[in-house]
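Here are my notes on the model you asked about. Keep the 3D view open and follow along point by point.

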Amino acid sequence: MAKHDKIIIGNSTILNPVPVVMVSCAGKDPSKDGERPNIVTIAWAGTVNSEPPMVSISVRKSRHSYNLIKETGEFVINLVNKSLAKSCDYCGVRSGADEDKFKSCGLTSVKAEGLEFAYAIKEAPVSVSCKVTQVLELGSHDMFIAEVVAVTADSYLKDEEGKLCLDKAKLISYNHGEYFTLGEKLGFFGYSVASDDVFEKRMGYKKERDKYKHIREEKAAGKNGKKY
Ligand SMILES: Cc1cc2nc3c(=O)[nH]c(=O)nc-3n(C[C@H](O)[C@H](O)[C@H](O)COP(=O)(O)O)c2cc1C
């Protein structure tokens with residue numbers, strides 16, 4: 001067995017990169033200061049189920065948004081592109097208890113598709129309307145688990161065949177405390193075993209080196225019975 005020669009950095013939330021999203025929400029009476037549409041930046045967000053589509057966000061009880069989401073059981077996950085990056089950071093360092101963050105950032109609140117109380121951010125390329133189904137008290141954060149009830153997207157993200165092209169959205173991610181745009185496309189789901197034709201069609205260039213060709217050929221010949 002090889003000798004373990006890694007440095008030990010202790011136990012922490014080191015899983016990186018993660019998405020960083022702008023979660024919008026509102027109270028039941030948005031005309032009141034404390035219940036107006038608000039935006040909170042969330043890095044502890046994730047997809048947790050496919051059918052039905054479900055997501056989670058983890059929020060500290062001390063956040064103004066926590067009370068709004070708890071009260072209405074609704075929130076919207078707005079995906080963040082390069083032009084929203086600074087507003088995204090701002091909404092993560094100022095509280096909606098003290099100011100109208102939509103106004104401070106020059107953003108527009110629009111009624112969220114499929115929800116009664118929450119608002120979406122018009123300038124976001126994609127907005128995901130969510131209804132809370134469970135709240136888990138984990139320690140520092142409560143995790144809101146929610147079902148996705150609607151997704152809206154900017155029309156420029158669709159190609160002629162109606163396919164959603166998220167690569168056009170210029171989304172950002174969050175890596176160990178810093179924001180980044182996405183880099184070079186390395187592949188696609190299943191590209192390690194894709195045929196030459198599919199590879200070329202999806203990547204726009206020919207495969208240079210086919211590391212797994214022999215496994216594909218063995219499989220096609222019935223020698224390797226493994227299924228994925
Ligand atoms: C990049 C970034 C990620 C953050 N992620 C979370 C998170 O996952 N959960 C959370 O409770 N707060 C998170 N915060 C902090 C809140 O966004 C911040 O406290 C915000 O001011 C709360 O706004 P509110 O009081 O209007 O709800 C994050 C902040 C930043 C800048």
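1. Which strand does Met143 lie in? Met143 is part of strand β10. Bear in mind throughout that this is a predicted model. Is Met143 buried, exposed or something in between? It counts as partly exposed, because 17 other C-beta atoms lie within 10 Å, while a residue needs 20 or more to be called buried. Leaving aside residues up to four places away in sequence, Met143 touches Ser56, Ser58, Leu136 and Leu138. As for Asp100, it sits 43 residues from Met143 in sequence, and the two C-alpha atoms are 25 Å apart in space.

2. Now zoom out. The protein chain has 5 helices and 12 strands. Its C-alpha atoms fill a box of roughly 70 × 50 × 30 Å along the principal axes. The chain has 228 residues, and 25% of them count as buried. If you take the contacts with a separation of 6 or more, 58% are between residues 24 or more positions apart.

3. Next, the ligand. Which residues come nearest to it? There are 22 residues around the ligand, and His64, Ser65, Gly92, Ser95 and Gly96 come nearest. The elements giving two or more residues to this shell are β3 (38-42), β5 (54-60) and α1 (64-72). β3 gives the most, with 4 residues. By type, the shell divides into 9 nonpolar, 9 polar and 4 charged residues.

4. Stay with α1 for a moment. Ser65, Leu68 and Ile69 are its buried residues to look for. Why do they sit on the same side of α1? They cover an arc of only 95° around the axis, which puts them on the same side. The buried residues of α1 pack against β2 (21-25), β3, β5, β6 (74-78), β9 (126-137) and β10 (141-153). After α1 comes Gly73, with a positive phi near 70°.

5. β5 also has a partner worth a look. Strand β4 (residues 45-49) is joined to β5 by 4 bridges, and the two run antiparallel. Within this pair, Gly46 stands opposite Ser56 in β5. A hairpin of 4 residues connects β4 to β5. Pro52 is found in that loop between β4 and β5, and the peptide bond joining Glu51 and Pro52 is cis, with omega about 0°.

6. Another cis peptide bond runs from Asn16 to Pro17, with omega near -10°. Where is Pro17? You'll find Pro17 in the segment before β1 (18-19).

7. β1 belongs to an open sheet. Three strands make it up, in the order β1-β11-β12, with antiparallel pairing. β1 and β12 stand at the edges with a single partner strand each, so one side of each has no neighbour in the sheet. How many bridges join β1 to β11? There are 2, and Val18 has Tyr174 in β11 as its bridge partner. If pairing is new to you, strands of a sheet pair through backbone hydrogen bonds, either parallel or antiparallel.

8. Lys170 is in the loop between β10 and β11 (172-175). Its phi is near 55°, a positive value in a residue other than glycine. His176 is in the loop between β11 and β12 (178-181), and the phi of His176 is also positive, near 50°, again in a residue other than glycine. His176 is exposed, with 9 other C-beta atoms within 10 Å.

Conventions
Residues numbered from 1 in each chain as written. Predicted model: local features only at pLDDT ≥ 70, side-chain atom pairs only at ≥ 80, totals over all residues. Near = placed C-beta within 6 Å. Nonpolar A, V, L, I, M, F, W, Y, C, P; charged D, E, K, R; others polar. Pairing = 2+ DSSP bridges. Buried ≥ 20, exposed ≤ 12 C-beta atoms within 10 Å, placed from the backbone. Contact = placed C-beta atoms within 7 Å. Arc of directions from axis to C-beta.
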